[in-house]
Amino acid sequence: MTRLLPSLRGVPRILVFGGVLTLIAIGGTFLLDPYRNFQLAMVAAYFCATAGLTLLIGQSGQLSLGQAALMAAGGYGYALTANAMTDAGITGIPRFLMGMLVAVVVSAALGWLLGLAAARLRGPYLAGVTLTLVIAVPAVAAVFSGVLRGDQGVQIAYDGVPPVLERLIAVEQWQAWVAILVAGVVVTALAALTGGRLGLRMRAVRDDETAARLNGVRSGRVKVTAFTVSSVAAGAGGAVLCFVTQSVSPGAYTLSFSLLLVVAVVLGGLGSIGGAAIGSALIVLLPWLLGTATAALPLPAEVAQRLSGNLSILVFGVLLIVVMLAWPGGLAGLRRRRRTARPPAVRSREAVVAAGSTESNPPPPAREPSAAAVAGARHP
């Protein structure tokens with residue numbers, strides 16, 4: 001990114017880079033068939049949730065197992081608002097924008113409440129609270145079955161391609177466009193926040209909360225803000241998922257799915273937006289690849305049926321163990337390791353130069369200031 005945009009720094013570079021990548025992804029939809037565009041839309045929806053989760057865990061150090069519940073809140077908020085707008089005779093883009101706004105507000109409110117608990121809890125206690133939230137999703141849907149329709153969920157009206165683009169693209173490509181645009185806005189905003197003061201303060205609280213407080217960083221406010229921002233991203237992802245599938249139900253946001261989001265973020269690389277993209281792609285593509293491979297093998301019907309539901313979970317577990325042993329920084333760290341690795345010839349030349357140097361006592365390297373000290377210095 002430095003070579004492509006040498007004259008830009010900070011947030012302007014992030015905005016330009018995010019916009020360029022979004023346009024490239026939209027242009028790539030013309031090269032895909034309808035089913036691949038549907039998969040791309042699903043990846044974009046999950047990308048919103050995983051990007052928010054990697055900010056929460058990787059940047060602020062708060063473990064959350066309730067990202068699926070926050071996605072469900074956004075999905076239900078979008079579905080109920082879209083149905084109300086349809087009954088009022090409002091369709092198309094205005095209905096989508098209003099549904100997205102309500103989804104973000106609902107998920108942000110729920111994330112703010114979780115953030116208040118996170119400011120007082122840590123470690124397994126915080127994970128237990130968020131885990132309870134995911135487990136409670138089916139019960140909430142059953143209690144408020146008059147509105148949330150219980151296990152059947154809420155279906156929304158068909159949202160087709162706008163008349164202006166009707167002859168140009170199919171509905172799957174339109175859904176991919178919408179999902180990519182929403183993911184581009186959400187992820188670019190998260191990247192800008194991570195690269196600014198908020199990201200610095202979150203890393204300070206993650207590394208040493210006591211030192212951060214001594215340097216003037218309000219750790220409680222930082223934790224609440226991190227949870228709220230992560231919840232907004234998850235709610236946007238749930239709304240996009242509802243827009244693509246035209247429905248939302250508690251069966252789609254189970255405990256296993258919430259744990260899968262955490263596994264995907266760890267596989268991709270905690271604290272990395274690129275790692276979140278890799279993890280979201282694995283969630284969609286890995287089960288599909290395994291299903292295709294299983295269908296191609298001459299297996300009995302009972303064996304194929306058992307593998308269809310359990311093989312992907314087994315592969316995710318094995319992949320997690322392998323990645324953590326070989327690349328603890330996740331799959332996104334492979335590129336950084338290759339970039340920093342030096343060839344043996346360069347290392348040998350440096351050793352020869354160092355051995356023949358006349359400086360017997362080189363000065364020690366300067367120590368870099370901690371994140372807490374920098375965050376405290378930037379604190380207004």
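How many nonpolar, polar and charged residues are in the lining of the second largest pocket? By class, 18 are nonpolar, 11 polar and none charged. The model is predicted: local features need pLDDT of at least 70 and side-chain atom pairs count only at pLDDT 80 or more, while totals for chains, interfaces and linings use all residues. Residues are numbered from 1 along each chain as its sequence is written, and side-chain values use heavy atoms, without hydrogens and water.

**Second largest pocket**
- A pocket here is an open set of points on a 1 Å grid over the protein atoms alone, where a 1.4 Å probe fits, with protein on both sides within 12 Å along at least five of seven lines; lining residues have an atom within 4 Å of a point.
- The lining has 29 residues, and Ser256, Phe257, Leu260, Ser312 and Ile313 lie nearest the centre.
- Elements giving two or more residues to this lining include helix H11 (255-268) and helix H13 (301-326); helices are DSSP runs (H or I) of at least four residues, numbered from the N terminus.
- H13 contributes the most, with nine residues.

**Aromatic pairs**
- The whole structure has six aromatic pairs, with ring centres of Phe, Tyr or Trp (its six-membered ring) within 6.5 Å; edge-to-face means planes over 60 degrees apart.
- Phenylalanine 30 and tryptophan 177 pair edge-to-face, at 5.9 Å centre to centre and 65 degrees between the planes.
- Phenylalanine 30 lies in the loop between H1 and helix H2 (34-59) and tryptophan 177 in helix H7, so the pair ties together parts 147 residues apart in sequence.
- Tryptophan 177 is buried at 14% relative accessible area, where buried means under 20% (1.4 Å probe, protein chains only).
- Ring pairs also link Tyr46, Tyr253 and Phe257 into a cluster.

How values were computed
Nonpolar A, V, L, I, M, F, W, Y, C, P; charged D, E, K, R; others polar. Phe/Tyr/Trp six-rings, centres within 6.5 Å; stacked < 30°, edge-to-face > 60°. Buried < 20%, exposed > 50% of the residue type's maximum accessible area, 1.4 Å probe, protein only.
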